Amino acid sequence: MYSNSERFLSAFNRIEKVLKSLLIKKEMGFSRAVRLLRDENAVIKRYTDDLLEYAELRNAIVHNKIDVAFAIAEPHDSVVEQVERIERELTQPREVDPLFMKEVVVFQQDEPLANMLEVVNQKGITKFPIYKGDEFLGLITHKGITKWLAKGLRNSSTPVLDARLADILQCETGDNYKFIKSGTSVYEAIEIFKEQIGKGIRIEALLITRQGTKSEKLLGIVTNWDIMEV
């Protein structure tokens, strides 16, 4: 039965090996490597504080060992579980495929609002890719529908349910979505949402295609609500 210190050190050493594989200068220390790589790797960025703390704990265990078989500092179970979790995320990162792969409900630009509202009522979906044939045009959300209603009820003689989705799409911002490839990691997806918020842009959804281009078939969707549950 392995002790907590043995489990901790084994996981830590495997993490260190991963970090070195990402570096040009292999002799760089662990903590410095974490600080350097956190802007390039979403998993490292997410767990930066933990990794820096674990570097200190590793030093305490290694330098204060009484002998090969006994360590003064024995990590708590929760610490060991966390460092092993980080190792798994680094070596086998979860990807949006298959977690968010599903049939995406899409609409054509010339369809009426009534069709979309029926799906909202039946499935509770509020984010809809809009196409003109096979050409992607944009993403309609509940916010866009609300804006159109506020504007359209005053300025349009067309019955609300007969309104064309192309008209409603004009009430959406063109930067409320991004396309990502199916091999994108979950933490990379999280970082995309965070980065856009930092720029003052609210992404409503990430649209998944095989190579991350809008000309490909949609394979799945990650909404801002989905990502909060990861």
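This note sets out points on the sheets, helices, aromatic groups and selected residues of a predicted model.

1. The β3-β4-β5 sheet. Three strands make up an open sheet of mixed pairing, ordered β3-β4-β5. The edges are taken by β3 (107-108) and β5 (135-141); each has a single partner strand, so one side of each is left without a neighbour in the sheet. Although β5 is an edge strand, β5 is mostly covered, with 5 of its 7 residues buried.

2. Strand β4 (residues 127-132) runs antiparallel to β5, and 6 bridges join the two.

3. Helix α7 (residues 113-123) lies across β3, β4 and β5. Relative to β4, the helix runs at about 150 degrees.

4. Aromatic pairs. The structure contains 9 aromatic pairs. In one of them, the ring centres of Tyr-131 and Phe-136 are 5.5 Å apart and the ring planes stand at 75 degrees; the pair is therefore edge-to-face, the class for planes over 60 degrees apart. Both Tyr-131 and Phe-136 are buried. Elsewhere, Phe-8, Phe-12, Phe-30 and Tyr-54 form one aromatic cluster.

5. A charge over a ring. Arg-46 places its charged end over the ring of Tyr-47. The distance to the ring centre is 5.9 Å.

6. Packing of α2 on α4. How do the axes of helix α2 (residues 30-37) and helix α4 (residues 48-63) cross? They come within 9 Å and cross at roughly 175 degrees, which means that α2 is roughly antiparallel to α4. On the α2 side the contact is made by Phe-30, Ser-31, Val-34 and Arg-35, and on the α4 side by Thr-48, Leu-51, Leu-52, Ala-55 and Arg-58.

7. The β6-β7-β8 sheet. A further set of 3 strands forms an open sheet in the order β6-β7-β8, again with mixed pairing. Its edge strands, β6 and β8 (220-223), each pair on one side only. On average, and with direction ignored, neighbouring strands of this sheet are turned by 25 degrees against each other. Strand β7 (residues 205-209) pairs with β8 in the antiparallel sense over 4 bridges, and Leu-207 has Ile-221 of β8 as its bridge partner. Helix α10 lies across β6, β7 and β8, at about 140 degrees to β7.

8. Ala-205. Apart from residues up to four places away in sequence, Ala-205 touches Lys-127, Leu-139, Asn-176, Tyr-177, Lys-178, Phe-193, Ile-221, Val-222 and Thr-223. Trp-225 is 20 residues from Ala-205 in sequence, and their C-alpha atoms are 8.9 Å apart.

9. Ser-182. This residue lies in the loop between β6 (177-181) and α10 (186-198). Ser-182 counts as buried because its relative accessibility is 6%, under the 20% limit. With residues up to four places away in sequence set aside, Ser-182 touches Glu-95, Val-96, Asp-97, Met-101, Ile-208, Thr-209 and Arg-210.

10. A cis peptide bond. Asp-97, one of the residues touched by Ser-182, is joined to Pro-98 by a cis peptide bond with omega near 20 degrees. Pro-98 is part of helix α6 (residues 96-99).

11. Pro-159. This proline is found in the loop between α8 (142-155) and α9 (165-169). Its relative accessible area is 47%, so Pro-159 is partly exposed. Along the chain Pro-159 and Ser-185 are 26 residues apart, and 44 Å separates their C-alpha atoms.

Notes. Residues numbered from 1 in each chain as written. Predicted model: local features only at pLDDT ≥ 70, side-chain atom pairs only at ≥ 80, totals over all residues. Heavy atoms only, no water. Pairing = 2+ DSSP bridges. Contact = heavy atoms within 4.5 Å. Axes fitted to C-alpha atoms, helices over the stretch in contact; angles between N-to-C directions. Phe/Tyr/Trp six-rings, centres within 6.5 Å; stacked < 30°, edge-to-face > 60°. Buried < 20%, exposed > 50% of the residue type's maximum accessible area, 1.4 Å probe, protein only. Lys NZ or Arg CZ within 6 Å of the ring centre and 35° of its normal. Parallel < 35°, antiparallel > 145°, perpendicular 65-115°, else oblique.
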